Amino acid sequence: MGPPPFFGEPLGTAWNSVYWILHAIAIVAAAYFVYQSAIRRRQAALNIGPHWWVLFTLVGGIWTLLIYWLMEHSTLSVDRDKDAP
């Protein structure tokens, strides 16, 4: 005996599709915000250019955004703005 028709596989497939679409939107948004942040700074984290950070974020996802934030904006980062002329 299978599940009722309204809880069947089509509903699971629809929710799975919605999840992956939202996941992709979140990753693209994270890459956009990393790019904007890296452009605003003269020297991005680890001296890596903004285009590379976008690529890393698209591949690594939200975890790369967390790593970038820790290196650039958290209290753990070195404040390089004081050294800038």
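The face of α2 turned away from its buried side carries His51, Trp52 and Val59, which are exposed (over 50% relative accessible area; buried is under 20% and partly exposed in between, with a 1.4 Å probe and protein chains only). The model is predicted, with local features needing pLDDT of at least 70 and side-chain atom pairs counting only at pLDDT 80 or more, while totals for chains, interfaces and linings use all residues. Residues are numbered from 1 along each chain as its sequence is written, and side-chain values use heavy atoms, with hydrogens and water left out.

Helix α2 spans residues 50–60, and its buried residues are Pro50, Trp53, Val54 and Thr57. These cover an arc of only 105° around the axis, which puts them on the same side of α2; the arc is that of the directions from the helix axis to the C-beta atoms. Helices are DSSP runs (H or I, at least four residues), numbered from the N terminus. Gly61, with a positive phi near 75°, follows α2.

Aromatic rings of Phe, Tyr and Trp (its six-membered ring) are paired if their centres lie within 6.5 Å; planes under 30 degrees apart count as stacked, over 60 as edge-to-face and the rest as tilted. By this rule there are five aromatic pairs. The rings of Trp52 and Phe56 have centres 6.0 Å apart and planes at 40°, so this pair is tilted. Both residues, Trp52 and Phe56, lie in α2, four residues apart. The rings of Trp53 and Phe56 have centres 6.0 Å apart and planes at 85°, so this pair is edge-to-face. Trp53 is buried at 4% relative accessible area, whereas Phe56 is partly exposed at 34%. Ring pairs link Trp52, Trp53, Phe56 and Tyr68 into a cluster.

Notes: Helices (H or I, at least four residues) and strands (E, at least two) are DSSP runs, numbered from the N terminus.
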